[in-house]
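Work through the exercises below with the sequence and the model side by side. Each task is followed by a solution in steps.

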Amino acid sequence: MRRARPPIEGEHLDRRDFFRVTGRLGLGSLLVAEAAAFADCGGSAGPATAPDASAAGLASTATRPSEIAGGPLVASVGSQTIWPGATTPVWTLGGSFPGPTIRVGRGAGFSARIENRLSEPTNVHWHGLAAPPEMDGHPSDLIAPGQSRDIAFPIVDRAGTYWYHPHPDGRTARQVYGGMAGFFIVEDDREVTLGLPSGEYDVPLALQDRRTSPDHSLTYAPGPMDLMAGVLGDAVLVNGKPDAVLPVAATLYRLRLLNGSNARVYRLAFADGRSFHVIGTDGGLLERPVPVTALDLGPGERVELLVDLARDPVGTSILLRSLAFTVPGGMGGGMMPGMGGGGASQGTALDVLRLRVERSGPAARVPEALVPFERLDTARAEGTQAFVLSMGMMPVAGAFTINGRSFDARRIDVRARRGRLELWQVRNASSEPHPFHVHATSFQVVSRTSGPLGAQDLGWKDTVLSWPGETVTLAIRFEQYAGLYVLHCHNLEHEDAGMMLNLEVS
Ligand code: C2O
Ligand code: CU
Ligand code: CU
């Protein structure tokens, strides 16, 4: 913990409004009882298997964010309905939580004017895209309140599902938690020839867990345990909605999943155990669809799925969940009474999204092949770099390190030369999972000491999850720009606490 930060400001519902709202839903006493329990036990989560909110009529429809190709992107405080019947103060980029989806063709130019109407500095990072260093949202390159910044760079990356979010040093976690993040989708002509589900059958879904509180706020006030595990919620919001339902047709869907959570790792699977296909990872499509029944998705990672609903009768709901898991050698986080923790601990089973079949749909099939891509040849690697991710026993200054160092904007820690293929060995020497993220390029996962690669590891990546005790080997090559970037843990509490290094590409 390098700085103490106040919770997000904004109007809160007052007590009277709260009773009016909950009373209207006929749940006042239940919620009040829960609120009391919340206060008693320091805010631990409810039972892992919550009643089906959709059955109780409380479900919200997961809507698709609006789309833009560029233009103004204003950082401001606003309000939005997240929990039914309530208004929640949010921090937004582009006026909504999540922000508008930016959709641009590969080879096109992207331009935006970021305007900071917050009362603190911010900036925007284009996660996964190769952006020039002065436009990448380096943590010390800030836009002061009242100032704006013009962004313009060509889109050179493969078609895929990227995202954008603020990246100011020490403030990223709370700004993202407050609502600032959106999808950045790159398209190309090649992808169009594959006949993948498109238009309404191609759905970006941002998964972000949040803590439900009696005042329906997104107050960011992590306690000491939260800083160790990262801030974990008890409810998974999908495109900004809890207990989300996505109305669908009985056909094949392309779901683009983003783990935009501060710290939550999801082990995604359908409640009925059905298999689905992974077709893409952080940096675009795989060579062919890979059938799985479950996959892990760490903070910052994206995965694209094909989910076949053709045989699901109208009226049925298919539940996407995060399965329970044990963090190997881990501490779990959350649930620690008296330590200011809250939310459901890492690995708790959580409901994510219901796909509710409302009508029949067009015939569609899973393609045999997708897009061939260059396999980085590890035999030709010209060098190796090692990264050790560590944490102390308490969240004090300097406790969160990579290679023994906490982030210092004035020091260059890692150097890389463009065009040179390297192997990077990322060792997790702590008891928490760490999603390791590198700016400016994509890499390929070569191996994991814990076992075989997961389907989410098979393509181009910019973020890879490393479990406690594990070493993940990456093949990496920088191509596009020389300049100052960063690499860091994408658990946003860890990142803000210093688990980040300056990276100079020459
Ligand atoms: Cu999504 Cu450096 O971050
Ligand atoms: Cu990034
Ligand atoms: Cu971490």
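A residue is called buried when its relative accessible area is under 20%, exposed when over 50%, and partly exposed in between (1.4 Å probe, protein chains only). This is a predicted model, in which local features need pLDDT of at least 70 and side-chain atom pairs count only at pLDDT 80 or more, while totals for chains, interfaces and linings use all residues. Residues are numbered from 1 along each chain as its sequence is written, chains are lettered from A and ligands numbered from 1 in the order in which they are written, and side-chain values use heavy atoms, with hydrogens and water left out.

**Exercise 1. Describe the site of the copper ion (ligand 3).**

Step 1. Donors are N, O and S atoms within 2.8 Å of the metal (3.2 Å for Na, K and Ca); water is not among the atoms, so sites may look incomplete.
Step 2. Cys 489 counts as buried because its relative accessibility is 1%. His 494 has 0%, so this residue is buried too.

**Exercise 2. Find which residues coordinate the copper ion (ligand 2), and where they lie in the chain.**

Step 1. The ion is coordinated at 1.9 Å by NE2 of His 125 and NE2 of His 437.
Step 2. Helices (H or I, at least four residues) and strands (E, at least two) are DSSP runs, numbered from the N terminus. His 125 belongs to strand β7 (residues 125-127) and His 437 to strand β26 (residues 434-438), so that 312 residues separate the two.
Step 3. His 125 and His 437 are both buried.

**Exercise 3. Locate the largest nonpolar core and follow Leu 207 within it.**

Step 1. A nonpolar core is a set of buried Ala, Val, Leu, Ile, Met, Phe, Trp, Tyr and Cys residues joined through side-chain atoms within 4.5 Å.
Step 2. The largest one has 45 residues, and those touching the most other members are Leu 207, Val 238, Leu 257, Leu 268, Leu 295, Leu 353 and Leu 355.
Step 3. Contact means heavy atoms within 4.5 Å. Beyond its neighbours within four places in sequence, Leu 207 has contacts that include Val 236, Val 238, Leu 257, Tyr 266, Leu 268 and Val 352.
Step 4. Another core lies apart from this one; it has 31 residues, including Ala 130, Ala 416, Phe 436 and Leu 487.

**Exercise 4. Is Leu 474 buried or exposed, and what does this residue touch?**

Step 1. Leu 474 sits in strand β30 (residues 471-476).
Step 2. Leu 474 is buried, because its relative accessible area is 0%.
Step 3. Gln 385 is 89 residues from Leu 474 in sequence, with 9.9 Å between the C-alpha atoms.

**Exercise 5. Is Val 314 buried or exposed, and which residues does Val 314 contact?**

Step 1. Val 314 is in the loop between β19 (302-308) and β20 (317-322).
Step 2. With a relative accessible area of 53%, Val 314 is exposed.
Step 3. Leaving aside neighbours within four places in sequence, Val 314 is in contact with Val 357, Glu 358, Arg 359 and Ser 360.
Step 4. The C-alpha atoms of Val 314 and Ser 360 are 7.0 Å apart, across 46 residues of chain.
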